[in-house]
Amino acid sequence: MATNSGRTNPIAASDSPAQGGGHPPTVSADAKSEIASTTQQGAHASGADTSGAPKVKSEKELEKERKKAEKVAKLEAKKAKQAAEAASKPVKEKKVKEKKPEEVLPDYVEETPAGEKKRIRSFDDPHFKAYNPIAVESAWYSWWEKEGLFKPRFKEDGSVRDEGKFVIVHPPPNVTGALHMGHALGDSLQDVLIRWNRMQGKTTLWLPGCDHAGISTQSVVENMLWRREQKTRHDLGREKFIETVWEWKGEYHKRINQALSSMGGSFDWSREAFTMDEGLTAAVTETFVKLHEEGTIYRANRLVNWCTKLNTALSNLEVQNKELTGRTLLDVPGYEKKVEFGVIVHFKYPIEGSEETIEVATTRIETMLGDSGIAVNPKDERYKHLVGKTAIHPFIEGRKLPIVADDYVDVEFGTGAVKLTPAHDPNDFTLGQRHNLEFINILTDDGLMNENAGSYKGMKRFDVRYAIQDDLKAKGLFVDKKDNAMKVPQCEKSKDIIEPLMKPQWWVKMKDLAEPALKVVRDGEIKIRPDTAERSYFRWLEDINDWCISRQLWWGHRCPVYFAKIEGETNDSTDASRWFSGRTREEAEAKAQKALPGKTFTLEQDEDVLDTWFSSGLWPFSTLGWPKNTNDLDKLYPTSVLETGWDILFFWIARMIMLGLKMTGKVPFTEVYCHSLVRDSEGRKMSKSLGNVVDPLDVISGIELDKLHEKLSQGNLPANEVTKATKYQKTAFPDGIPQCGADALRFTMVNATTGGGDINLDVKIIHGYRKFCNKIFQATKYVLGSLPEDFRPAAKGNVPGKTLAERWILHKMTAAAKEINQALADREFSKATIIVYRYWYNELCDVYIENSKAIIRDGTEEERQSALQTLYTTLEAALAMIHPFMPYLTEEMWQRMPRRPNDDTTSIMIAKYPTYDAAIDDPQAETAYEVVLECAKGGRSLMSEYALKDNAQLAVQAYNDETLKTANDQITSIKTLIGKGVADIKIVGPDEARPTGSVAYPVGMNATVFLHVSGRVDFDAEIAKAQKKLDKAISTIARQEKTLNEASYKEKSSAQTQELDQSRLAESKQEAKSYEETIKQFEQLKLE
C-alpha cells in the first residue's frame, strides 16, 4: 500500500540511507541496522558534516557511534528527570506535537491508455506529492516499447551509426518459474550498460529470450502432473507430454517477461528468442550435423553420470560433490529413511581352490555385485602368489574374479588389493579395459538391481547396501566398517546420488575446440573480468574432458541422428557406423543409402535429446539469425559484452566461445563480465527450501508476510521444507517486504557490484534507497517550482555562472560526468553509483540547491537569472547521469522539465549522456568554495557540540587575503549552509584580535570559525567533561603502547595488524591532544 510518508521532506533534510556521506551506504551489519531504524541527520541540521565525501566508517566506528548515541540519550533522560524532581513549583508541561500519521493513499489508477505517452499529473495529486514508485513507474514502459526506443537505431543505409554499436544478448532465464535476485543483479548491470551506450548515440541492442531448460522444466512439469492428476509422463505419451510442457511454458514465459519489463529492462522484444523456436532449432541441427560429419561429435559406450531420479545422464558440471568427513546419513529421493554414507566396508573374497581369502574395501558395498576382477600391485610381496588366480564371488553363482597385477594399485592404501567394478567406476573402467575384464551392469535406469545381481534382483540399490553386509557376516566374509572421509556425487537438480553407468551416448571432442578458445582470451580478443574468472577459465579449458551431450528426456532438441536397422542382420546401437545425421530425415536417409548400398533398412531417430547447454552455446549468433545470413548477423555480430554469473563460466561462457569460433569463425563477444552471486543477509546461498529466495516483483511492489507464505505452498517444495522456509520468512520479513520500486532495486544491485566477493543482500538496504529516490523526486519538484512560468532554458548549458556557488556546482557536474563515464567504461559499477549519489546528494541537493535559495532571494537580477539557468543545467545533467540506473524516476521528472531551444528529444532514454566539458572545469572555484563549505561545517559542528540551537553568534577569522576575500564575498552562502539558528556572522582578518568569549574550530591553515559561548556555557563543567575524556584517552594510550612494546606481540602479529594498531594509537593520541586543547581553550575563556 502506498503512503505519503516522505511528503514533508525538505530539499536539504536528509532522507538518505547514508549518514550524510558522499557515497551510498555499505552493507555492514551496523550500517544495515542504522538504515533500517533511523532517520539520519541532514546537512543543515546542527553539527552535520557534508562537505565532500567523508571517510568510509568501519563497523567498529559505527558501533562506537551507536553506543555513544545510546549513552547520550540515557544521560539526557537522567538530566531531564533530575530537573523535574528539583523544580520547586509545578511547571507547565510543554505540549509535545504529535506525529502526524502517514496518509494512506488509495490504489493508484493509471489514466493513460497502454502505449500512449504518459499523462503527467500535477504534484498536487496525492500520488505525486512525494515519491510513490507505483505511480512514477506506471505507463512509461509500454510507451517506450511502442515508440520503438528499445530497437537498435541504424543509419539510413542500414549500417551501424558512426558512434559505433553496443550489443548484449540477454542470458536466457530458464522457463521454469519466477526470476530471483540473481537475475535482478545481472539485468540491472546489463541495462545500465545498454542505456548508457544508447545515450551515447550508438546502435544499441539488448536481445531478450528464454531457455527451454530441459532437465529443470521436465522435472517441474512431471512433478506438477503427478501432484494434480497422479499421472506420469508415460501415462500421457511423448507427444501429449510435450504439448503439456508447451502450455506450461507459455504461462511461465509471460511471468518472466512481465518481471523483466517491471524492472525497466530496455529489451527489443521484437527480436525475442526461445531456444526451441524454429530458427534456433535449425541452428542446433546445423551445428550437430556439421560436427558429426567431421567427427567432432561421436558415439561411444562409456561411463556417464546417471541420475536414477530423473532417468538421464548428466555432465560433470551438473554434479555436485558433497564433502563428508565420516559416517553421515543423507536423504535420498525414493527412500523413506536416510542412507548411510562416509564409511568404508572391508570384506573378503575366497580364493578358488584354497582356504585362502583376499581382503578388499569399498565405500559402495552394493557394487560388489558387479565386480569382475581384483587388482594388486605386481611388487606387492603379499599377493604375488595370487596373481593369475581367481576369486569366487560369494553371491553370484559361477562368477569368477581374475586377480591381475597393475602398477596403478597403491601398495600402502587400504589392504593393497582393489576390487574392480568396470561398469560402475571410472578408475575401474580403465583397468577393466586394460585387463579385458567383463563389464557387468547391475542397475536398471531406476536404480534397482537387474538380473546380473542374482538374488538381489529388483531390490533398491541402497537397500542392498544394508542387506549385503548382513549376508557377508552370515558367510563369515565381513571384516570391518570404518569412518571414511569422501565426496558423494549428487544431482544438482534432484539431489539424487549419482551412479556411474555404462550408456551409449553422443559426445563432443573438446580438446580441439578448446585451443582456439584459449588463444582468443590470451591474445586479448576477449577480455574476461574479473581476473579471477579469467584464471578459472584457463584452468578448466587446459584440462577439459569430452562433453556428453545426450540426455534421456522428452523435452528438448531431439538428436538429429538416425540408426539404420538392417533387415536380416544383428543391429547393435553402439555401432557408430550405423548412425546417420541429417538436417532432415531425407538427408540422413541419403547418407545411409550411400553407406549401405544394396541393404534394406529402416531409420529410427534417436530417442534422446541434446543437453540444454548445447543450444545455449549457440545463443549469441543463433539469436541473430545464424545459420542464415541475416542483416542482424552481418551488422551486430560479434556482440559486445556477455554479462552473467561466474558460476556458469564453464557451463555456458566457455562453450559459447568454443562453438562461436567453430561455427562462425568469429568470437561471439569481446568482453565477459562475471558478476558475484547474491546471497541472503546472513551470507547463505539462496534456496527455495530455506525460504530466502526473493522475487524481484515482491521487492518492487511490496508483499505481506502471509502472501509470502502462500507462494511457498504453490511450488513443488515438500511439506517439511515449506515449514522450514516459512519459519525463516517470519524471522527475515516479520512485516513482509516493503514496497521499494524498480529504481531503488536496480540502484542497490548495481551499488553492491564491487567486483569482489558474493553479495549479502538485505531488503532493508533496498528500502533505504527508496528514500534516495524521494530525495531526487523532491529536489526536482523544488527546482521546477522555483522556475518562473516564463522560464526558458538557455541554448547551451556549459555557460559559467555569475556566482562562486554556480561555478562550483558546474565544476562538480563536469567532474562527475568525467568520473562516471570512466567508471562505467572500466566496469566499476559500485564506483559509478557512488559518484552519481555524491553529485546528487552532497553537491546538488545539500549544497547548491540550498545556496541558490539565497542567490535567488538576495542576488541581483543577473545573478538570479544565472542561478535559475544553473539550477536547470545541473538538474538536467543529474537526471541524465542517473538515468541508466533509475530509468522510471528520471523519465517521469525529465518529462516535466522545459526543453532547450530546438531540442525535440522525445525521451531521456535517447538524450545525450553528460560528458566532461573543459569550459566549466573550474578548480579555482572548487578551492575557493571549499573554504565556504569548511566554514559552514565548522559552524554546524560548534553549534551542535555546545547545543546552541538559536541566536548563535559566529565569526570567521581568515589568515590570508584570498581566504578573507572569499569569506567576505560568500558570507550569505556560509550562513545559509550552516542552517537555522545563526543570528550573526562576522568576518575578521588575520591582524584582528581573536574573538573573545568564543570557542574555535580550525579550518585547515587558512581560517578558524569561532562560536561565542560566554554566558551560555558552564566553563567549569566543560573543563571537567573534557578532563574525564582526557583521562580515559591517556589510559587507552598507555594500554595500547604496552601491547605494542611487548616482544611476543611483534613476533606473532602480522605487519598489517601492527600497522593497523599503530594507526589506532595515533588516533588515540590525536584524540587526547584535542581534549587538552579544549581544556586549555576554556581555561583561557575563564580569564577573558
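Which residues do ring pairs link into a cluster? In this predicted model, the cluster is made up of Phe747, Tyr769, Phe772, Tyr837, Tyr841 and Phe885. One of its members, Tyr841, also has a charged neighbour: the charged end of Lys775 is placed over the Tyr841 ring, 4.8 Å from the ring centre.

The structure contains 41 aromatic pairs. Among them is the pair of Phe123 and Phe777, which adopts an edge-to-face arrangement with 5.6 Å centre to centre and 85° between the planes. The angle of 85° is over 60°, so the pair is classed as edge-to-face. Phe123 belongs to the loop between α2 (59–86) and α3 (133–137), while Phe777 belongs to helix α23 (residues 763–786), so the pair ties together parts that are 654 residues apart in sequence. Phe123 and Phe777 are both buried.

Turning to helix packing, two contacts can be described. Helix α6 (residues 214–229) packs against helix α8 (residues 238–262) at an angle of about 100°, and their axes are 10 Å apart. This angle makes α6 roughly perpendicular to α8. On the α6 side, the contact is formed by Thr217, Gln218, Val220, Val221, Glu222, Met224 and Leu225, which meet Phe241, Thr244, Val245 and Trp248 of α8. Sorted by class, the contact of α6 with α8 comprises seven nonpolar, three polar and one charged residues.

The other contact brings together helix α5 (residues 181–199) and helix α22 (residues 742–751), which pack at an angle of about 90° with axes 9 Å apart. The angle makes α5 roughly perpendicular to α22. From α5, the residues Met181, Ala184, Leu185, Ser188, Leu189, Asp191, Val192 and Arg195 meet Leu745, Arg746, Met749 and Val750 in α22. The contact of α5 with α22 has eight nonpolar, one polar and three charged residues.

Terms used
Residues numbered from 1 in each chain as written. Predicted model: local features only at pLDDT ≥ 70, side-chain atom pairs only at ≥ 80, totals over all residues. Heavy atoms only, no water. Phe/Tyr/Trp six-rings, centres within 6.5 Å; stacked < 30°, edge-to-face > 60°. Helix = DSSP H or I, 4+ residues; strand = E, 2+ residues; numbered from the N terminus. Buried < 20%, exposed > 50% of the residue type's maximum accessible area, 1.4 Å probe, protein only. Lys NZ or Arg CZ within 6 Å of the ring centre and 35° of its normal. Axes fitted to C-alpha atoms, helices over the stretch in contact; angles between N-to-C directions. Parallel < 35°, antiparallel > 145°, perpendicular 65-115°, else oblique. Contact = heavy atoms within 4.5 Å. Nonpolar A, V, L, I, M, F, W, Y, C, P; charged D, E, K, R; others polar.
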